[in-house]
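This briefing is intended to be read beside the sequence and the coordinates. Please keep both in view while going through the points.

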Amino acid sequence: MTSQFPVMKNLPQAPIRAPSAVPVDDAVLPFEVAELDLRGRLTRLGPGLDDLLAKHDYPPPVGRLLGEAIVLTTLLGSSLKFDGRFILQTQTDGPVSFLIVDFQAPDRLRAYARFDAGRLKDGQDSGALLGKGHLAMTIDQGPDMSRYQGLVALEGGSLEDAAHEYFLRSEQIPTRVRLAVGEEWRGGDGGPRHRWRAGGLLLQFLPKAPERARQPDLHPGDAPEGVVAHTVAEDDAWIEGQSLISTVEDVELIDPDLSGERLLYRLFHERGVRVFAPLPLRAQCSCSRDAVSAMLKNFAPDDRAAMVKDGKVVVTCEFCSSVYQFTPHEAGVEQDT
């Protein structure tokens, strides 16, 4: 099956040098471990993530979960080789009933979460917050192109689990993902300041010989009792790659003083790791007064009339909390004569 996510091939040669000690936030760092046929991306998010989450003052568990979704979206969306959009969305029966992260290539992010504060409890992990439902990942190539969407059932597991299930069933590329989100408190002249940080790592096994990347057949679900499950011996290179990524600790992924290049060197220096130019990211909503005005014109006249409160129509963007106010005339509301 051909992957819908472009893989990095024929990457340019880079000179051999020591890993940079300078941390780079709000960027995705592509890399390759040629000796093990591994390719991947490392993302580190700082001010951009803090901007996305602070606009809504989410409770910490919700902020961490949405942060994980943002990290996963950057790891997947940054592989797009065209000016399209990658959208990650969940709809579930858990306390966090709805998540959406919108990545517009090459670098723009926005995100939003809907939750029931009354159902939040101490100690809930991401699986408990999500509950049961589905995760949808959509690639939108533009108005004249067809959309591609992959769906994964959520059964109380984490977003990492869902990503692994997606690549197993839809892409059939051996893949491992690590996600980490944390809260940072730093002192200053005005006292301690709270900031969100996050990091993520995606690793894929892409050998030239496709049979080396074979995975077991999916369980049919209705096989007769006693049928032996299909197994395939994993390639030694992929076993080593999985072992290495499993050693990454959350604190390493979010450490503001540890550069991405040094983290990758820690993991893969014995085999040799090649890094490429970082891909910058930014938190920026696509809403505008003109876009909201055009959206209002799509409503039926009676619906627009019902939006008038205290002599004006007020629209708040769910992504960035920007507030747009219109007079009834500007909103296209027909006035009684």
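The structure is a predicted model, in which local features need pLDDT of at least 70, side-chain atom pairs count only at pLDDT 80 or more, and totals for chains, interfaces and linings use all residues. Residues are numbered from 1 along each chain as its sequence is written, and side-chain values use heavy atoms, with hydrogens and water left out. The chain has nine helices and 14 strands; these are DSSP runs numbered from the N terminus, with H or I over at least four residues for helices and E over at least two for strands. Buried residues make up 45% of the 337 residues, where buried means under 20% relative accessible area, exposed over 50% and partly exposed in between, with a 1.4 Å probe and protein chains only. Among contacts (heavy atoms within 4.5 Å) between residues at least 6 apart in sequence, 66% join residues at least 24 apart.

- Helix α2 covers residues 60-77, 18 residues in total, and spans 25 Å from its first C-alpha to its last, close to the expected 26 Å; the expected value is 1.5 Å times one less than the number of residues.
- Of the 18 residues of α2, 15 are buried, so the helix is largely enclosed by the rest of the structure.
- A nonpolar core is a set of buried Ala, Val, Leu, Ile, Met, Phe, Trp, Tyr and Cys residues joined through side-chain atoms within 4.5 Å.
- The largest such core holds 54 residues, and those with the most contacts inside it are Leu66, Ile70, Phe86 and Leu99.
- Helix α2 gives the most to this core, with nine residues.
- Apart from it lies another core, of 23 residues, including Val33, Leu201, Ala237 and Leu267.
- Setting aside residues up to four places away in sequence, Leu66 touches Leu53, Tyr58, Leu99, Ile100, Val101, Ala111, Tyr112 and Ala113.

- In α1 (residues 47-54), the residues Gly48, Leu49, Asp50, Leu52 and Leu53 are buried.
- These buried residues of α1 pack against β2 (38-45), α2, β5 (108-115), β9 (193-205) and β12.
- Ser126 belongs to helix α3 (residues 126-130) and is buried, with a relative accessible area of 13%.
- The contacts of Ser126, leaving out residues up to four places away in sequence, are with Leu65, Glu68, Ser158 and Leu159.

**The six-stranded sheet**

- Six strands form an open sheet in the order β7-β6-β3-β4-β5-β12, with mixed pairing; two strands pair if DSSP finds at least two bridges between them.
- The edge strands, β7 (148-155) and β12 (282-283), each pair on one side only.
- Strands β3 (residues 85-92) and β6 (residues 132-140) are antiparallel and share eight bridges.
- Within this pairing, Gln89 has Ala136 of β6 as its bridge partner, and Thr92 has Gly133.
- Eight bridges also join β6 to β7, which run antiparallel, and Gly133 stands opposite Leu154 in β7.

**Cysteines**

- The count of disulfides is zero, a disulfide being a pair of cysteine sulfur atoms within 2.5 Å.
- The sulfur of Cys287 lies 3.5 Å from the closest cysteine sulfur, in Cys320, too far for a bond; Cys287 is partly exposed, at 21% relative accessibility.
- Cys317 is in no disulfide, and the nearest cysteine sulfur, that of Cys285, is 3.6 Å away; Cys317 is buried, at 12% relative accessibility.

**Backbone geometry in the loops**

- Most residues other than glycine have a negative phi, and most peptide bonds are trans.
- The peptide bond from Ala105 to Pro106 is cis, with omega near 10°, and Pro106 sits in the loop between β4 (96-104) and β5.
- Asp57, in the loop between α1 and α2, has a positive phi near 50° and is exposed, at 67% relative accessibility.
- Asp310, in the loop between α9 (301-306) and β13 (313-316), has a positive phi of about 55° and is exposed, with a relative accessible area of 78%.
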